[in-house]
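Here is a short briefing on one protein model.

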Amino acid sequence: MKLRTRICKKSSIKSVETSPDAGSNNTQSSQNYPLSCVDWSSNEEIYFVSDDHQIYKWSDVSRDSVEVAKLPDDFIPTDLHWLLLGGRSSGGGKGSDTLLISSNDGRFIILNKSARVERSISAHTAAISSGRWSPDAAGLLTAGEDGVIKIWSRSGMLRSTVIQSDESIRCARWSPNSTSIVFCQGGHISIKPLAANSKLIRWRAHDGLVLSLSWSQQSNIIASGGEDFRFKIWDAQGANLYTSSAEEYAITSVAFNPEKDFLLIGTFNMLKLCHSTGWTYNSARFTAPSVGSFYTLAWSADGTQVACGSSTGQLIVAYAIEEQLISRNLKATSTSRKSIALKDIATGTQDVLDFPQRVINMALGYGHLVVATTHQIHIYNEKYINTPIIIDGRNDVRVIEVGKKYFMVLDAASIWVYTYTGRLHLNPRYPGSQAQLPLLNWRSLSLGLDVLAIRDNSDTTVLHLFDLMPGASRQYEPHSLRAKQQLSEIAACRAGTADDQFVAFIDGNRELYICETRNLSGGGGGTTTGAVGGGTERISNNQDEIYKIGTQLTDIKWASETNILVGVHDACYSIWYCPGEGASDPTIIALTTITLDTAEFCKHVAIDSFEDAVITFRCAGALLPLNVNIHCEVLHRSLLEGQWQQALKICRLGQHASLWATLAAVATRKHQLQLSEEAYSAALQIDKVSYLQHLKTLTPSSAEQMAENSLMLGRMLEAETILMHNRKYIEAVALNLRMHNWKRALEIAQKHEKEQLTDVNILQKVLDERRRYLKALQRDEWEAVYLAYSTQDDKDDLND
């Protein structure tokens, strides 16, 4: 990947070689002001202002600058920031966009789209170093050299004074969720949460002054640049994640891309494009003409361009090219802003795809290339490259994710799921979805085979799951899953059958959980709704349906064609060969999980792709391909097609415990008891073999056998539902008694006491079992629901 730059506003001073007269050189220098205030009002327009008090607008269409307004002569600008409320790509259009400009005398002004001053406020006793609108557009912050940070309403009313100190504040930025502020003083960085009674986090960051800060909207990490010639990356608690080698000059500016994993670094005469984890893609040096230090970096809203202001007053626009995507035999490379080269590595053929508009986003996978321009989406099939399908009206596409059947698009208006024929399949909505659109990113969404998972940004412990199977009510009734901790990453499985769909997620404690999505819609053949009041309530209230299968995970990814999961830890990576079917049994998870060391990979390992049986890790820019166990991969494909005998041959050939355990878990789930018994025997799971022999004594395909099979898979609720649906109330009570679920057993007995089909008094049976249980424990009754019956029995004994 390379960084291509273009100088849009040249410096007013001449070079030393062409101006030999020193006096005239000094005169020209006095007319050249540093450009430290730059921002995008739309994806095609840049506003900038320097010490000459003139506000200019540069247009990408006309490639020229025009004067918009003139500031007062005593107003020397120090920071500029646009609040775009009318729209991301059009620059508004509703007259609601506002511009914030701060000055070195402690004032800030708020201007409307027509450059009329709405408010002018004296906020600080010294120069304002940073003035920034909050990401949720609810207010703004100002940080000054007087050591004070204040928060104001959108209309300019003072809300609170967050920080008061004696040390000047060089830079301040909002957190992505607008709940914290990061700022720097001297060589220290501090994070101040805005919640009441929250403590300030402060740490020594650089040996010299900290000159710039940026807080990533994608990864929730912080970048800093300082006078020690280094840039560093920190997490939200102040732990150091990356420290660069020393550059030639001080790092004067840093800026995370709002939509992609990019970090741009500015220093003297150089821009450096980096990955968000710190390693460098490319550097752009400026020698002729010299541009000086880069004071400010501002990415456009779509994340495709960045405007840079330099100390010599030059405005430079940069954008990344040669971005590569690889999927199986296809490789897509962006050769310019409006063209992509698609190469078939197997045949060596290459096609150059030209677009009438600027390419904003693209995704490659499953034999399709999906490209988003400013107003269209182009769908290319690898077999029909010359005849793309074009979808109009999709503006400012931020995320594209391709799946086996569908692809998902997140744009400025909503979330859309399309088929590869260009037909709209689903427009998912949930409570508050429209308000959360600006905060959604690729980490909040995951497209599976038949499910779309979306993390709720207003409550990050909630996951909304949309069924993509054809159905009239699928887009109106999302099923919600609530985790115990906030979710940091989600991944829906990309293969399997309609009955074997899972979603894995990493929570705030970096623990890995997995849940079956099929049971969300009722499970158990559609029988749970009547028993427990619907799939949503079932999952929300029953945490046993969510299984923990790993700890200390930083990244996860499902295989493209099988239900194999890979995850990265700090110093190793794990492969779960049967994460879904075996999730309820810790023994199966232990047998089917392989953990390998990554000491030779160094730090910050990420999963780039998992195609077929090849996992590609990315570490410091290098791609490291590794193979999973090919026997397990072929076994999954055989099980997916229902080829049980073929699967058995593979296990006998491989003779590995992970193969037998995978076959056992899947066979048990599919009621293949004979195969399951042999597989568990080979895996030395003697207790499960005994239980399966008990299952074989029951009537085949009866409610009792299906319930016992579900119980073996760890689905207590499903087993009870099967019995209740078939009016096997005595068996359902006995099942709960075996599990010591005393309250539920009594509840069923009370409800169905008069519906029993035999002479057995199920209520009396529950009470007798409870008495025997208490006698064995040598304890008195303590459950409130049983105390009433104990009191009644005592009264009956007295009457007798």
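The buried residues of helix H10 pack against helix H5 (586–591), helix H9 (673–682) and helix H11 (703–712). Contact here means heavy atoms within 4.5 Å. The model is predicted: local features need pLDDT of at least 70, side-chain atom pairs count only at pLDDT 80 or more, and totals for chains, interfaces and linings use all residues. Residues are numbered from 1 along each chain as its sequence is written, and side-chain values use heavy atoms, with hydrogens and water left out.

**Helix H10**

- H10 spans residues 686–696, and its buried residues include Lys688, Val689, Leu692 and Leu695.
- Buried means under 20% relative accessible area, exposed means over 50%, and partly exposed lies in between (1.4 Å probe, protein chains only).
- An α-helix has 3.6 residues a turn, so residues three or four places apart point the same way.
- Ile686 and Asp687 are exposed on the other side of H10.

- Helices (H or I, at least four residues) and strands (E, at least two) are DSSP runs, numbered from the N terminus.
- Strand E2 covers residues 37–40; Cys37 and Asp39 point one way, and Val38 and Trp40 point the other way.
- All four of these E2 residues are buried.
- E2 runs antiparallel to strand E3 (residues 45–49), and four bridges join them.
- Two strands pair if DSSP finds at least two bridges between them.
- Four residues separate E2 from E3 in a hairpin.
- Across the pair, Val38 stands opposite Phe48 of E3.

**Cys308**

- Cys308 sits in strand E27 (residues 306–310).
- Its relative accessible area is 0%, so Cys308 is buried.
- Leaving aside residues up to four places away in sequence, Cys308 touches Leu264, Leu271, Phe294, Thr296, Leu297, Gln314, Leu315 and Ile316.
- Ala298 is 10 residues from Cys308 in sequence and 6.5 Å away in space, C-alpha to C-alpha.

**Whole protein**

- The protein has 16 helices and 55 strands.
- Its 800 residues are 56% buried.
- Of the contacts with a separation of 6 or more, 45% join residues 24 or more positions apart.
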